[in-house]
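Subject: Structure handover

Hello,

Please find the structure below. My notes follow it.

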Amino acid sequence: MSASFTLFVADAAQAPATATQNVAAAAAEVKAQATTEQPANPEAAAQEEPGFFSGVMGMLPMILIIVVMFYLMYRGQKKEQKRRQEMITAIKKGDKVVTIGGIHGTIFEVKEDIFVITIAPNTNIEIGKAAIGSIVPATTTIEAAQK
């Protein structure tokens, strides 16, 4: 917006009230021009002022990447927990297992929250269900080699 103030004074002896009136009239004219003046390009005026959504749209790819990463991590963890829980509930007497400490044994008894494992003849130990690392397949390479 550009406006020019024009103040015309007829002569130096003119009354100060007239000069004040001229300044007030010029100010009113500038104010009227400012309120009625439209930008030449309304789209350019809208682009001049970045709003809230322009900042969010700039960060949207980063936000989406983080959301997808957390979803995939959460989903993978849930699948692993479900698989492990199914494995522990499927253990029955006579299954061969390996504990998370690396002890190999055979399930002798299944209790509510523990297993009794035979690790040697007449040697049983009790371990928590969470301590089972894996179930050994029915035929291992050692047993297959002995047959």
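Predicted model: local features only at pLDDT ≥ 70, side-chain atom pairs only at ≥ 80, totals over all residues.

Residues are numbered from 1 along each chain as its sequence is written, and side-chain values use heavy atoms, with hydrogens and water left out.

The protein has four helices and five strands, in the order α-α-α-β-β-β-β-β-α. These are DSSP runs numbered from the N terminus (helices: H or I, at least four residues; strands: E, at least two). Of its 147 residues, 13% count as buried (under 20% relative accessible area; exposed is over 50%, partly exposed in between; 1.4 Å probe, protein chains only).

Isoleucine 91 sits in the loop between helix 3 (52–90) and strand 1 (96–99). Isoleucine 91 counts as buried because its relative accessibility is 6%. Leaving aside residues up to four places away in sequence, isoleucine 91 touches Val97, Ile107, Val110, Phe115, Ile132 and Ile135 (contact: heavy atoms within 4.5 Å). Its C-alpha atom is 9.4 Å from that of phenylalanine 115, 24 residues apart along the chain.

Lysine 93 lies over the face of phenylalanine 108, 5.5 Å from the ring centre (NZ of Lys or CZ of Arg within 6 Å of the centre and within 35 degrees of the ring normal).

Methionine 73 is in helix 3 and, at 49% relative accessibility, counts as partly exposed.

Regards
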